[in-house]
Amino acid sequence: MQCPKCKTENSETVTYCVRCHTPLKYTCPACKHVQLQGGKCEKCGVDFAKYAAMLVFQAKDAAKEERASSGWKPPIWAHVLFFPIPLVIQLTMYFVRKAKSK
Ligand SMILES: [Zn+2]
Ligand SMILES: [Zn+2]
């Protein structure tokens with residue numbers, strides 16, 4: 001098999017040109033069909049570029065959803081911070097009453 005770029009003769013078993021590393025065989029990301037041309041799968045018709053873009057888009061979407069769901073949970077320190085407020089109010093009331101009684 002001759003490399004389309006540097007015209008080096010490669011054996012049929014290699015996926016990339018041994019000299020310039022140009023892909024000589026393309027594997028379909030959807031059905032794993034191996035073919036000599038890139039672009040579109042000869043077997044299932046999947047567009048390689050579109051399929052790759054779709055995978056990236058799905059990964060981004062999943063990451064966004066994960067961020068949104070975890071962002072709504074209040075952090076643990078919030079409970080710790082707000083817990084003593086009634087106690088502080090009671091203490092303040094106690095000191096106010098004590099000061100008034102004097
Ligand atoms: Zn080459
Ligand atoms: Zn395919």
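First, the ground rules. This is a predicted model, where local features need pLDDT of at least 70, side-chain atom pairs count only at pLDDT 80 or more, and totals for chains, interfaces and linings use all residues. Residues are numbered from 1 along each chain as its sequence is written, while chains are lettered from A and ligands numbered from 1 in the order in which they are written.

Confidence next. pLDDT is the predictor's confidence in each residue, from 0 to 100. The chain averages 86, and 87% of the residues score at least 70. Strand 2 has the highest confidence, at a mean of 92. Helix 2, residues 76–82, has the lowest, at 66. Where pLDDT is low, the predicted coordinates should not be read in detail.

Now the layout. Helices (H or I, at least four residues) and strands (E, at least two) are DSSP runs, numbered from the N terminus. The chain has two strands and three helices. From the N terminus, the order is β-β-α-α-α.

How much of the chain is buried? Of its 102 residues, 3%. Buried here means that 20 or more other C-beta atoms lie within 10 Å of the residue's own; exposed means 12 or fewer, partly exposed is in between, and C-beta atoms are placed from the backbone.

What about contacts? Two residues are in contact if their C-beta atoms, placed from the backbone, lie within 7 Å. Take the contacts in the chain with a separation of 6 or more: residues 24 or more positions apart account for 0% of them.

On to single residues. Start before strand 1 (26–27), in the segment that holds C20. C20 is exposed, because it has 12 other C-beta atoms within 10 Å. Leaving aside neighbours within four places in sequence, C20 is in contact with C3, K5 and C6. C3 is 17 residues from C20 along the chain, and their C-alpha atoms are separated by 8.6 Å.

H21 sits in the segment before strand 1 too. H21 is not a glycine, yet its phi is positive, about 65°. Most residues other than glycine have a negative phi. H21 counts as exposed, because 12 other C-beta atoms lie within 10 Å.

K32 is in the loop between strand 1 and strand 2. K32 has a positive phi of about 65° and is not a glycine. Is K32 buried or exposed? Exposed, because it has 10 C-beta neighbours inside 10 Å.

Last stop: the loop between strand 2 (34–35) and helix 1 (48–71), where we find E42. C41 is in the loop between strand 2 and helix 1 as well. C41 counts as buried, because it has 21 C-beta neighbours inside 10 Å. Not counting residues up to four places away in sequence, C41 touches C28, A30, C31, H33 and V46. The C-alpha atoms of C41 and P29, 12 residues apart along the chain, are separated by 8.9 Å.

E42 is partly exposed, because it has 13 other C-beta atoms within 10 Å. What does E42 touch, not counting residues up to four places away in sequence? H33 and Q35. The C-alpha atoms of E42 and C28 are separated by 8.8 Å, with the two residues 14 apart along the chain.
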